[in-house]
Amino acid sequence: MCGIVGIIGNQPVAPLLVDALKRLEYRGYDSAGVATLHDGKLDRRRAEGKLINLETELTSTPLEGNVGIGHTRWATHGAPTQNNAHPHFCEGVAVVHNGIIENFSEIRDELSARGAQFTTDTDTEVVAQLLASLLRSGKSTKEAMLATLNIIRGAYAIAVLIEGENGQIIGARNGPPLAVGYGKGEMFLGSDAIALSPFTDDITYLEDGDWAIIDRNGVEIFDIEGNSVERARRKAFTAYAQVDKGNHRHFMEKEIYEQPEVMSHTLAHYVDFSSGRVRDIASEIDFSSVDSLKIAACGTAYYAGQIGKNWFERYAGLPVEIDVASEFRYREMPLPGSQAALFVSQSGETADTLASLRYCKEHGLKIGAIVNVRESTIAREADVVFPTLAGPEIGVASTKALTCQLSAFAALAIAAGRARGTLVEDEEVNMVRALSEAPRIAGSVLNTIQPQLETLSRELSKFRHVLYLGRGTNYTLAMEGALKLKEISYIHAEGYAAGELKHGPIALIDENMPVIVIAPHDRHFEKTISNMQEVAARGGRIIFITDENGAAASTLETMSTIVLPNVDELVMPLIFTLPVQLLAYHTAVFMGTDVDQPRNLAKSVTVE
Ligand code: M6R
């Protein structure tokens, strides 16, 4: 989603703003712009498409000024044109905005009736127009900003420059994150710590309803009534300072290959490998006293939750209800008895997941959050944070976040099993031992399967439709595989429970629809082989992802068979997701798509 940055500096800030925007590119955007204040006057440059276009604009017509704001726009209202790109100007006011102003048409009608001329199709322009009209009516900057924030409704992070307030940036937050950064004689504003990382790691996160007047000497923060409020300063996690691709072509590739390491960091946080026991942190929710668990998340994090559900039910006898957060938040479900809720999110900012969390919190549930960004809103609003130690995930396609989420879920399910008496000590030790081997196995799988997957991906890139099948946790991986393939290669893909094949999707099977079957030799294997027979009998081409035992047990002809080592059933999802990720990655590379920032997608989905 949109990214915001603001700098009160000691040198021309336009190039610094563009650099900071580059660090926000991973969030997804389709146009960009910067505005500065120079000699008391506002000026701006904006461009459609990637930041290189904005840089070209700035090279041909540079922008002076030591104070400025910048924006990457992910279009919601109005096409991604140069004219709709932020900053929006009105009579000496410049505004950039992330989120949606829900009552924008009401405000626009009212201002238009009073003679305002709107020049864009965006919801954001109403903020600039409203603020300008309030300033024109004689209000001070502070009064006008406060009045504006009390009129607009919706989710927003906003940065404002005003002519006449020459060393000042105003920021406001109600939903999407916004951080104030402290430098030496300089101040910063940004959507996240990554944007600000080269400037400072000394940061204050605004809370919902906060707004701030920032100048060279510091910041004053107010609530929505205009009262001055104190917010903590904290050190941003240093990991955010190191965000580059290393020797990899794409962040996604780098993040896939980081998995053995980050998986082991995450596992080590939750389990003690020497004693073979789960650490106390995993017991911070009293699983023995809850009757059931609710889980809500979006996209890949939802799939992590589905596998988590499978484990909680199987190993701890704990019933779990899971839903995608965009449905969960509106279901108005009763939440009786003793329940806890878990919310899963890489960014910790996903609007639907946050709203689901708040719904459960209002109903008195104990809230756990499995999150990657520890300063995120979801982390801050949860009762208990279960961190994933994946480090910054920049590629839009979630890879290492998933395996770290699964690592945390596995430990939590074991902790729940111990607390509920469904796992005895020996079982816990065996499961922890199996988990401890996962990073090493993941490393060797990544080192060996890549050439075969690269060749196969070349073939796969020729097809327009792909079906993924699996059972149990591999059904979830089938859906995850389809999501990964479609989001970065734009090939249409569906993930189905293999048992559902004959209830509909089998009608699609022919030689133009490759079927990727994920079937290690587990308790579902025989049944899945029968489904593969049904595909083969109809001329379908099969890509078979299995283990050594599965390969030995199957005589079916396939387009390709990818053989992974035999692993413990608990560890299978952590390992079998790797070929699924690599297949999508290499296919997208062959298709020539923008792997890290696929079209239309955002990394951090802060609007619903
Ligand atoms: O930051 P979150 O984990 O809450 O994000 C959830 C989804 O938006 C995310 O997993 C998305 O589906 C990915 N692009 C999938 O690769």
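First, a word of orientation: what you're looking at is a predicted model. The chain splits into three parts: domain 1 covers 3–242, domain 2 covers 244–423, and domain 3 covers 442–592.

**Where domain 1 meets domain 2**

Going by C-alpha atoms, the centres of domain 1 and domain 2 are 33 Å apart. At their interface, 15 residues of domain 1 touch 13 residues of domain 2. Together the two domains bury about 1200 Å², and carbon and sulfur atoms make up 57% of that area.

There's some charge pairing here too: 2 salt bridges cross the interface of domain 1 and domain 2. Take Asp208 and Arg358, which form a salt bridge with their closest N and O atoms 2.9 Å apart. As for the make-up of the domain 1 side that touches domain 2, it has 9 nonpolar, 1 polar and 5 charged residues. Polar contacts between domain 1 and domain 2 come to 2 residue pairs.

**Around the ligand**

Now for the ligand. It has 14 residues around it, and the ones that come nearest are Ser345, Gln346, Ser347, Thr350 and Glu487. Three of these residues place a polar side-chain atom by a ligand oxygen, as listed here.

| Residue | Distance from side-chain N or O atom to a ligand oxygen atom |
|---|---|
| Ser345 | 2.6 Å |
| Ser347 | 2.7 Å |
| Glu487 | 2.4 Å |

So how much of the ligand does the protein bury? On its own the ligand exposes 410 Å², and 91% of that is buried by the protein.

Methods:
Residues are numbered from 1 along each chain as its sequence is written. This is a predicted model: local features need pLDDT of at least 70, side-chain atom pairs count only at pLDDT 80 or more; totals for chains, interfaces and linings use all residues. Side-chain values use heavy atoms; hydrogens and water are left out. Domain bounds come from an automatic or database domain assignment. Contact means heavy atoms within 4.5 Å. Buried area is the accessible area (1.4 Å probe) that two parts lose on being put together, summed over both. A salt bridge is a side-chain nitrogen of Lys or Arg within 4 Å of a carboxyl oxygen of Asp or Glu. A polar contact is a pair of N or O atoms within 3.5 Å; within protein, one must be able to donate a hydrogen and the other to accept it, and residues adjacent in sequence count only if both atoms are side-chain atoms. Ala, Val, Leu, Ile, Met, Phe, Trp, Tyr, Cys and Pro count as nonpolar, Asp, Glu, Lys and Arg as charged, and the others, Gly among them, as polar. A residue is near a molecule or strand if one of its heavy atoms lies within 4 Å of it. Accessible areas come from the Shrake-Rupley method with a 1.4 Å probe; for residues, only the protein chains shown count as cover.
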